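Here's a quick tour for anyone meeting this structure for the first time. Have a look at it, then read on.

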Amino acid sequence: MTDTKVRISKELYDKLKEVADRSNKSIRELVETAITKFLLGTESVGSDAEVKNVKVVKSWRLRFPARCPICGEEIKAGSIVVREIVELEDGRKVNNFYHPDCYESSSDSALAKLYVRKRVLERTIRGLKKEADRYVELIETLRTEYDMLSIKKEVYTLWKDYKNFILHGKDDEKFDEFMDRLNDLLDKVTRLEASLELLTSDKKDKVLLGEKSRTGAKKLVHHR
Ligand SMILES: [Zn+2]
């Protein structure tokens, strides 16, 4: 390839130099890449850099011939095209020029499909989150119900043992054990009271659930 000189403005040269220094490339390399890219689209410029942003100009009058990346045909200068400006993470910008029809039929419908999928996913996530919240509430309620049940069972056993104590034995060792068990029970009831309060003061529907579980607990004990 023989070389030819081209004159460009001082400002553009300074800008090129700045980009060249930053990207560790020669000015020649940059200029040749930029011109090839501008004339032939992005197909001849490979890039591994991540896309940072994409801007789309819906109707842009082409100043030079370009190639549509979708159908591969050349687009004449002066045609109205869709211009896509892809900003890369490394600071470079890549221009793509599309036939408006090609752009509408491919990328728009792909975007629309993606958008619909995103909406469906968001809805599903919202539903799952609601369900998860419901389960958390249910678990809290069940845990309280379980605590209540075990306390009732303990009170019943304690009462039975106390009756036996009164009727028979009455030794001091047994009495101390009773006091310990009674104090234990008092602690448990206090803790349960606190968690019940938390459960019922949070939300209105939590109160409803709590009421339901309390009746449920009562019933279970009566069946015993
Ligand atoms: Zn096309």
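## A salt-bridge network

Asp-161, Glu-177 and Arg-181 are joined up in a network of salt bridges. Keep in mind that this is a predicted model. In total, 7 salt bridges turn up here. Side chains of opposite charge can pair when their charged atoms come close.

## Pairs worth a look

Start with Glu-154 and Lys-188, whose side chains form a salt bridge at 3.0 Å, N to O. Glu-154 sits in helix H3 and Lys-188 in helix H4 (residues 172-202), so this pair ties together parts 34 residues apart in sequence. Glu-154 is partly exposed at 29% relative accessible area, and Lys-188 is partly exposed too, at 30%.

Asp-21 and Lys-17 also pair up, with their closest N and O atoms 3.5 Å apart. They're 4 residues apart in helix H1 (residues 10-23), so about one helical turn separates them. Asp-21 is exposed at 51%, while Lys-17 is partly exposed at 37%. Then there's Asp-90 with Arg-92, at 3.1 Å between the closest N and O atoms; Asp-90 is partly exposed at 40%, but Arg-92 is buried at 17%.

## The zinc site

Which residues hold the zinc ion? Its protein donors are Cys-68 (SG), Cys-71 (SG), His-99 (ND1) and Cys-102 (SG), at 2.1 to 2.4 Å. The angles between these 4 donor atoms run from 97 to 116°, so the arrangement is tetrahedral. Along the chain, the donors' spacing reads C-x2-C-x27-H-x2-C.

Cys-71 is partly exposed at 35% relative accessible area, whereas Cys-102 is buried at 15%.

Methods: Residues numbered from 1 in each chain as written. Predicted model: local features only at pLDDT ≥ 70, side-chain atom pairs only at ≥ 80, totals over all residues. Heavy atoms only, no water. Donors = N, O, S within 2.8 Å, 3.2 Å for Na, K, Ca; no water. Tetrahedral: all angles 85-135°; square planar, octahedral: opposite > 155°, others 65-115°. Buried < 20%, exposed > 50% of the residue type's maximum accessible area, 1.4 Å probe, protein only. Salt bridge = Lys/Arg side-chain N within 4 Å of Asp/Glu carboxyl O. Helix = DSSP H or I, 4+ residues; strand = E, 2+ residues; numbered from the N terminus.
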